[in-house]
Structure formats: structure tokens, C-alpha cells
Amino acid sequence: MDISVRKGDLTQEKGDLLVVNEFLGVGEPGGATGAVNAALGGNLAKFMKEDHFKAKLGSAFVMRTHGKIPAKRVLVVGLGKKEEFDLEAVRQAAAASMNVAKSLGVKSVVSILHGAGMGGLKAADCAQAMVEGVRLAEYAFESYRSTKKEKPRVQRFDIVSRDGQDVRQALKGVEQGELTARGTMFARDLVNTPAGDMYPQKLVHAAKQIAAGKGTIRVRVFDRDALVRMGAGGILGVAQGSDHPPFLVHMVYKPKKATKKSVALVGKAVTFDSGGLSLKPAEGMMTMKIDMAGAAAVLGAFSVIAQVAPACEVHGIFGAVENMPSGKAIRPGDVLTAMNKKTIEVLNTDAEGRLTLADTLSYAVKQKPQAIIDLATLTGACMVALGEEITGMMSNNDALSTILLEASRGAGEKMWRLPLEKNYRKLLKSEVADMQNIGARWGGALTAGLFLEEFVDKTPWAHLDIAGPAFAEREIDPYTHKGATGHGVRTLLSYLRSL
Ligand code: BES
Ligand code: ZN
Ligand code: ZN
């Protein structure tokens, strides 16, 4: 499907589906929607009223135009409450229009540029959000189906505005939206792929493929022998039970004229989490192919980083392992030594993400970045605290957390800061080692965050627990269907653009 922006008058546009919009509780349609309504002899407003169409965010009203205007049908998409309107509403409205287009089986869509000039939104940002919404709504993971869905695909999605300056701005936004969506879908594909086909070596392959042919990206891969030399006891320990060997992957993006600054993006990359000898129950294991979603987000961001072109150096680091039970697996009570020489008593082999991150974060610190951001499907406890849609963020640095919260808001990825409560450090005290890998019954997301903090020294660092939002168990919003979400990519890219 092609997405374009051009100058034009919606009442004169040909196409299968013409998309306009409306705020909740507006009496008479105004602006472009008003113009289309007038061209239809006032019938649009009349029928909306008759059908009690309320214009809740993402809702849709469709009518045929019977030749009154060149477009075959008009779709009014709801923008929700005017006071709540923001970029995320733009993203969802565009996604909702795409979902209607898909279900009607139309080939071409012509849409208003939602949100330009409303509530201080910039045309470029609106166009970017629209493209993200449309592309992500269109996304489907079909590689494992023998029969593909039969509906004809939407072939064109044209965004049309009467304002020439908006069009010029929007063109730039479309470009950024395409990149963000592409990175997000790259991550979705990796996470959706069954763990039987997505083992550590495959993540290494993905990293190499991203770097191939790009002068600005290099990849270093450390295999088991190298990890032994580096003292990566956490990664090696978790990998012990699996037939798949572990790898530490280090990607570096370095622009031609790099600024002095550098940041490190670290991802949890457990390609399957059975729990190990502390085996998960069947129910809890069902979705555990998603346990590499943190690394997938880092790879997703790296897949478009050369085009997004941040000015500073960016490191992408993950320790890829599979967590399996076997005669060789680590046992509860075993003690591992992480790369920074700290010792860890493993009381529960299902708290494996922090063991791999202990090494990965230690390695990241050695690159001397100004900031480290890690993303990890780390704890069920974070889902208990914040539910399925909100990331739990913990940080040792207020400035970094403010920037990330800002980036996540614009990107439409919900995030809430949780405390690194130092009084809870005692919960990680071990009888035999420097620390143990589980806390007490309560506050599991926080003790996990405190555990990770032991491996970042004084580096400004933010930990994003994406256990909830990495995977949608149900439809979340018009562009997040069931399955992997690619959560984190949009926030990371927005953060990198701001550097
Ligand atoms: N990968 C899981 C966390 C998880 C759970 C992610 C559900 C996504 C959905 C993690 O490795 C894990 O098993 N954590 C344990 C930690 C506990 C043993 C301290 C948990 O959350 O139960
Ligand atoms: Zn686990
Ligand atoms: Zn895990």
C-alpha cells in the first residue's frame, strides 16, 4: 500500500472511501467535514444525527455518496472529546479509518489530515502519527498460515489538505511515520515468530542483517567461548539448560559526524522462558516466546536508525539465551558471578531476565555511554501493578526519566515511573552471595529494578519493564491488534530524534 500526501479539495477527490472527522458532541460539522456535508446537500449531518453517531474516539460512520461527489463513500471517524485531543487521537483515528477500509474491502482511501492546526499540533507530527496508525492497523502476522486472508488489500491511502504549507510539512512527517512503523513491525515480526524458529542464533542473524550494507552500523558478536573469557556468568548460567548456545550481541550506530554523546539501548533477549527448573505452569508458558521483546524493540529501532539518523553514537546490546530445564540447567541455590564480579544466588531460575541483564548492563557500562535504557519483559508483578498497557519505568536519573516520559507520551506508548526504593534493597540480601535473584512476596517489579541497579554503576539509566504492553492478549486500540505490539520502538525512536 502506498501512502502519499498532496494538495487538494476533498469534495473533488475520487476514491472508494473519503475520510473526514468529527469531535464528540459537535452539533454541525465544520471545516472540511462541513464542506463535504454541504456538497452532499446536508445529508451527512442529517444521517449521523438520525443514527445517533456520537463521534467517540475511533468510532466510524459510513454513507454512500450516490454520485453527489466523486468519492464513492464517506467515512466520518470520531476524534473523541475536544479537550482530550492529542497526537494519539490522530493515530487512532487514522488507524480506525484503515480498519474500516479493510473491512469494506476498498482499494483506495482519501483522507483529511487529522489534527493539523488543532490544539497546537504540527502538520508534520499529525502526518507522522497518521502513517503510524495506518501502517500498524494494516499489520498482520501471516507467515505461518497456509491460506491467506482473501479480502483485496487497500492499495492507496492519500492524505489530502487544502493548505500547501501543511502539505510540505506533512511530507516530512510521512517519511518519519513510515520509518517508525517499519521499525515497530520489524519488532512485531521477531516477537510473533514461534520460539522454535526464533532462538538466540536467529537474533544474531537479525542484527547482522540490519547492519549489512549500512556503513554507519557495525555488529560484534560474542559466542560462548568469548562469554566465558568475559566472565558473563549470568548469561552462561541461564543458557546452561538449553541446546541453543548463547550470544552477546553489540551493535554500534556511528554517524559520520558523531557528537561526543552516546547512549546504550539494552534489551532482554530470552527467546523462550520455560522458567528453567523453577518451571512455569502451562498457562504461564503459553506466551513466553515474547520474552525477547526488549531486544526486538532495540533491533526494531536499529532497523531504521540509519535513516532516522540521530547525531550521536548509539549502542544496541542484548544477551540472547533460551531458558530451559535439563540435566545441565542451573539449579535453585547455585551461585553465578556476573561480568562486574558481583555474585548472585539463584533462588528461582524463572527470574532469569535479570541474570542475563546483569552481564548485559555491566557490558553496556564499559562502553561509557551518557545514558543506558534497558527494555525487558521482566516481571509479572509489573503487570499486576500497571496492567497490560502500561510500561513500568524505573530510573536513577530524573532528567532521563523526564525525557523518556515525554517521548513515550508523543509516541502513544503509556509509561509510568515506579520508585527504586532503597529500603527494599534488604529484600535482595543473600545468605551466601552478594545478592539473591528474587525479593519477597510483594513489590516484585521494584526489587527487579533494584537488582538491575547493581549493574549500572553511576551511569544515568532507565529500566522499562514492558512485560504488560509487549504483547496484546486482546485488541488494545485501533492499531494494536492481538499479538506482539512492537512496544518501545516508537518511544526509543522519538527519544533518539530528540538527542
Ligand atoms: N519473563 C517473565 C516475566 C513475564 C511474565 C513477562 C508474564 C511477560 C508476561 C520473567 O522471567 C519471570 O518469569 N519473572 C518472574 C520473577 C519471579 C520468579 C521473581 C515473575 O514475574 O513471576
Ligand atoms: Zn522467567
Ligand atoms: Zn523471562
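Me: Why is lysine 82 counted as exposed?
Reply: The model is a predicted one, in which local features need pLDDT of at least 70 and side-chain atom pairs count only at pLDDT 80 or more, while totals for chains, interfaces and linings use all residues. Residues are numbered from 1 along each chain as its sequence is written, chains are lettered from A and ligands numbered from 1 in the order in which they are written, and side-chain values use heavy atoms, with hydrogens and water left out. Buried means under 20% relative accessible area, exposed over 50%, and partly exposed in between, with a 1.4 Å probe and protein chains only. Lysine 82 has 56% relative accessibility, and therefore counts as exposed.

Me: Where does lysine 82 lie, and what makes a stretch a helix or a strand?
Reply: Lysine 82 lies in the loop between β4 (73–78) and α3 (87–104). Helices (H or I, at least four residues) and strands (E, at least two) are DSSP runs, numbered from the N terminus. On that basis the protein chain has 16 helices and 19 strands. From lysine 82 to serine 103 there are 21 residues in sequence and 27 Å in space, C-alpha to C-alpha.

Me: Why is phenylalanine 302 called buried?
Reply: Phenylalanine 302 has 0% relative accessibility, so it counts as buried. The residue sits in helix α10 (residues 293–303).

Me: Which residues is phenylalanine 302 in contact with, neighbours within four places in sequence left aside?
Reply: Contact means heavy atoms within 4.5 Å. Phenylalanine 302 is in contact with Ile210, Ile217, Met251, Val252, Tyr253, Leu265, Val314, His315 and Gly316, leaving aside its neighbours within four places in sequence. In the case of methionine 251, the separation from phenylalanine 302 is 51 residues in sequence and 8.4 Å in space, C-alpha to C-alpha.

Me: Is alanine 309 buried, partly exposed or exposed?
Reply: Alanine 309 has a relative accessible area of 43%, so it is partly exposed. This residue, too, has a positive phi, of about 55°, although it is not a glycine. Its place is the loop between α11 (305–308) and β10 (313–323).

Me: How do you know that lysine 151 is exposed?
Reply: The relative accessible area of lysine 151 is 52%, and therefore the residue is exposed. Lysine 151 lies in the loop between α4 (123–138) and β6 (156–161). Neighbours within four places in sequence aside, it is in contact with Lys102, Ser103 and Gly105. Isoleucine 305 is 154 residues from lysine 151 in sequence and 34 Å from it in space, C-alpha to C-alpha.

Me: What makes glycine 120 an exposed residue?
Reply: Glycine 120 has a relative accessible area of 67%, so it is exposed. It is found in the loop between β5 (108–112) and α4. Glycine 120 and aspartate 86 stand 34 residues apart in sequence and 9.2 Å apart in space, C-alpha to C-alpha.

Me: How do you know that the radius of gyration agrees with that of a compact globule?
Reply: The radius of gyration is taken over C-alpha atoms, and the globule rule is 2.2 Å times the number of residues to the power 0.38. For 499 residues a compact globule would have a value near 23 Å; the protein chain has 24 Å, and therefore the two agree. Of these 499 residues, 59% count as buried.

Me: Which domains does the assignment give, and how many residues of each take part in the contact?
Reply: Domain bounds come from an automatic or database domain assignment. That assignment gives domain 1 (2–161) and domain 2 (185–498). The contact takes 17 residues from domain 1 and 16 residues from domain 2. The centres of domain 1 and domain 2, taken over C-alpha atoms, are 37 Å apart.
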